[in-house]
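Me: I'm new to this one. Can you walk me through it?

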Amino acid sequence: MTQHALITGASSGIGAEFARQLYARGYALTLVARRKGLLEELKSDLLRQASGDVNVCAVDLLDRTARRQFLQDVSARKIDLLINNAGRGSFGYFEELSIDQELAMLELNVAATLDVAHAIIPQMKSRRAGAIISLSSVAGFQPLPYMSTYAATKAFNFHHSIALREELRPFGVKVLIVCPGPTATEFGGVARVPGEFTGVGRDAVEMVVARSLSALESDSGFVIPGVRSWLMSVAGRLLPKVMSTRVAGWTLEPSLKQSQGHLREAK
Ligand SMILES: NC(=O)c1ccc[n+]([C@@H]2O[C@H](COP(=O)([O-])OP(=O)(O)OC[C@H]3O[C@@H](n4cnc5c(N)ncnc54)[C@H](OP(=O)(O)O)[C@@H]3O)[C@@H](O)[C@H]2O)c1
């Protein structure tokens, strides 16, 4: 019987690549994001490759009413795999960032991911089958100066999903947490991370998604795709937090200076 995957944030980046790799494995897909045009393009690309079932839903996950309505509708369908992926970042001194944007990020990265999981888990639990892939980040292992709110949301995603993994294990529902390092998507542009962070040294989405799907098959708790990202995570996982945060601050300072240069030029 065809397996059905629900993917949030499927219009670009990691979510779109999950759609491509899962479709190639024969999954029926429900793709969610705001940009309907991009979702329709992806759907057309997939259907050109092979016939299948791709359902496109243009939903702003920041809109609680629209989100709840969508979840009520979609949870009536059998979902075998949830990719809880939609998310965004921000970059700069916390007090200089728009507080409305910071709060919106909290709503998307935290509240919306909770809402989506909460709506889908009951059907998986009652069937005693299903899987959830939750997107955290290497930023989830430690506080990050200049990305303080984003890193905290990703720590939340990590801890919450690891706890759900234990809750759901007796019911045959798998949970995998994916912790990518910098990956070549629209993320850096949306977060306005300048310079080398957006330009070089980013992992390919194909590798990130392929390793995530292998990790799901082997029922790993979490995966850090790629050696570079794994090395980036070591300080955050092993050093005392105050020390690893100081090191992370030094690493991000050149990008901060660059971003402030851009801001001065723009004025
Ligand atoms: N790229 C990285 O370096 C990196 C590293 C670690 C973790 N991650 C995590 O990976 C996940 C995916 O990010 P990405 O790198 O693939 O970035 P991306 O290319 O910017 O994709 C983000 C996706 O989220 C969707 N989205 C944003 N706001 C939304 C909203 N209000 N309602 C519905 N959908 C919304 C976007 O679609 P629309 O704009 O069309 O709505 C897009 O499809 C995020 O959770 C991110 O934290 C990324």
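Reply: One definition to start: Ala, Val, Leu, Ile, Met, Phe, Trp, Tyr, Cys and Pro count as nonpolar, Asp, Glu, Lys and Arg as charged, and the others, Gly among them, as polar. This is a predicted model: local features need pLDDT of at least 70, side-chain atom pairs count only at pLDDT 80 or more, and totals for chains, interfaces and linings use all residues. Residues are numbered from 1 along each chain as its sequence is written.

Me: How does the shell around the ligand split by class?
Reply: The shell has 13 nonpolar, 10 polar and 5 charged residues.

Me: Which residues are closest to the ligand?
Reply: Gly 9, Gly 13, Arg 34, Arg 35 and Gly 87. In total, 28 residues surround the ligand. Near means a C-beta atom, placed from the backbone, within 6 Å.

Me: Which helix gives the most to that shell?
Reply: Helix 1, with 3 residues. Helix 1 (13-24) and helix 6 (187-191) each supply at least two. Helices are DSSP runs of H or I, at least four residues, numbered from the N terminus.

Me: What's in helix 6?
Reply: Val 190 is one of its residues. Val 190 touches Arg 88 and Gly 89, leaving out residues up to four places away in sequence. Contact means C-beta atoms, placed from the backbone, within 7 Å.

Me: Is Val 190 buried, exposed or partly exposed, and why?
Reply: Partly exposed, because Val 190 has 16 C-beta neighbours inside 10 Å. Buried needs 20 or more, exposed 12 or fewer, and partly exposed is in between.

Me: New topic. What does Ala 19 contact?
Reply: Beyond neighbours within four places in sequence, Ala 19 contacts Ile 7, Ala 10, Leu 29, Leu 31, Leu 42 and Leu 46.

Technical notes
Contact = placed C-beta atoms within 7 Å.
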